[in-house]
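Here is a short report on a protein model. Read it alongside the sequence and the coordinates.

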Amino acid sequence: MNFREYIRKVEPYVPGEQPQGGRVIKLNTNENPYPPSPAVQRAIEDISPDSLKLYPDPDCSGLRQALAAHFGVKEEQVFVGVGTDDVLAMAFMTFFNSDQPILFPDISYAFYEVWANMLGIPFRKIPLSDDFRICAGDYACENGGIVFPNPNAPTSILEPVSFIEKILCQNRDSIVIVDEAYIDFGGESAIPLVEKYDNLLVTQTFSKSRSLAGMRVGFAVGSPELIGYMMSVRNSYNSYTMNRTALAAGIAAVQDQEYFDRTRNAVIRTREQAVLRLKELGFDGPEPAANFLFVRHQTVPAKEIFGKLKERGIFVRYFSKPRIDNYLRITVGTDEEMEELYAALGEILA
Ligand code: PMP
């Protein structure tokens, strides 16, 4: 016997590269190219170092109230965590305890499979259609829960709220988690449906549309019952997940609607432009609804383009996985960054 036998050995999630230092154009992890609202900086400056000797509010009431006011729900319907990754991990722990497999798309956010494996949750990956759509009918079977992103990642394809409602109607006895990490870039949120469906949990993040990936703030909205169970699980694990700075920054970000609208509209405009420019360069892909595009080139393999862009200091995401290994996922940057991308692609593809 050896202690190594008893060590938990897991296959971790591998995030996109985070190159440190040097000038690079980072279009590989779906961050927002714009800084957070100036109100965030003021909120951080207002934190007195003296207050840091005290633990933060374990209930995270200020941030939950700000989100509740924003979405027209009650504070007891909001859960906050250290990015959506933390929120989703808590939701998996809380809700996915059945012997039946949970269901998620085969091409989707890779962390779902990682959490399921780590937590010993049985799962089944449901293939997307040939054109990368989630088919509601495939989710009408016995299951231990359902989770998918909308818009999906890495495809950037959006489904309408009527689609979410169809999945919910087919699955009244399962928890359905809709991961809306990218919903603010053109989609309609399913949050209003939580009043009608007590089996729905919607998650969102401050990492994308609110430019706070480095602060780590995410949240879920559901019925008071579901959120209560999540709070109990969290409080059995770590009562102080959210630090004072993250709470203050989150409140400031959610309250600056004007800045939010301005920056997300800028991202959407640049994305619309990118669809046209990439088409001119010989790319095609599904209509994007997130802050990234999912594209392949007519003749040049994605892996080759990925490598040549990287040599030029332009990072995009390439997945060496079945069905998508000829696609690139390109985060929408500023107009200036995108011009550099188009110029580099022009050279590479010449
Ligand atoms: N869901 C999806 C679909 C994502 O792409 C991401 C970003 N990697 C997340 C959740 C997690 O985002 P965060 O933890 O930064 O809130």
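The side chain of Glu-165 makes a polar contact with the side chain of Lys-196, at 2.6 Å. A polar contact is a pair of N or O atoms within 3.5 Å; within protein, one must be able to donate a hydrogen and the other to accept it, and residues adjacent in sequence count only if both atoms are side-chain atoms. Glu-165 sits in helix α5, residues 161-170. Leaving aside neighbours within four places in sequence, Glu-165 is in contact with Leu-193, Lys-196 and Tyr-197. Contact means heavy atoms within 4.5 Å.

The model is predicted: local features need pLDDT of at least 70, side-chain atom pairs count only at pLDDT 80 or more, and totals for chains, interfaces and linings use all residues. Residues are numbered from 1 along each chain as its sequence is written, and side-chain values use heavy atoms, with hydrogens and water left out.

**Overall form**

The protein has 10 helices and 13 strands. Helices (H or I, at least four residues) and strands (E, at least two) are DSSP runs, numbered from the N terminus. The C-alpha atoms fill a box of roughly 60 × 55 × 50 Å along the principal axes.

The domain assignment gives domain 1 (3-36 + 258-349) and domain 2 (38-255). Such bounds come from an automatic or database domain assignment. The domain centres, taken over C-alpha atoms, are 23 Å apart. At the interface, 33 residues of domain 1 are in contact with 33 residues of domain 2. The two domains bury about 2600 Å² between them, 63% of it on carbon and sulfur atoms. Buried area is the accessible area (1.4 Å probe) that two parts lose on being put together, summed over both.

Between the domains, 13 residue pairs are in polar contact, both residues at pLDDT 80 or more. On the side of domain 1 that touches domain 2, α8 (257-280) and β10 (292-297) each supply at least two residues. The largest share of that side, 7 residues, comes from α8. Its residues divide into 19 nonpolar, 5 polar and 9 charged. Here Ala, Val, Leu, Ile, Met, Phe, Trp, Tyr, Cys and Pro count as nonpolar, Asp, Glu, Lys and Arg as charged, and the others, Gly among them, as polar.

**Salt bridges**

The structure holds 16 salt bridges. Each is a side-chain nitrogen of Lys or Arg within 4 Å of a carboxyl oxygen of Asp or Glu. The rule finds 1 salt bridge across the domain interface. Arg-323 forms a salt bridge with Asp-106, the closest N and O atoms being 3.0 Å apart. Arg-323 lies in the loop between β12 (317-318) and β13 (328-331) and Asp-106 in the loop between β3 (102-105) and α4 (111-119), so the pair ties together parts 217 residues apart in sequence.

**Backbone details**

Most residues other than glycine have a negative phi, and most peptide bonds are trans.

| Cis peptide bond | Omega |
|---|---|
| Asn-150 and Pro-151 | about -5 degrees |
| Ala-153 and Pro-154 | about 10 degrees |

Pro-151 is in the loop between β5 (146-149) and α5. Pro-154 also lies in the loop between β5 and α5. Phe-132 has a positive phi, near 65 degrees, in a residue other than glycine. Phe-132 is found in the loop between β4 (123-126) and β5.
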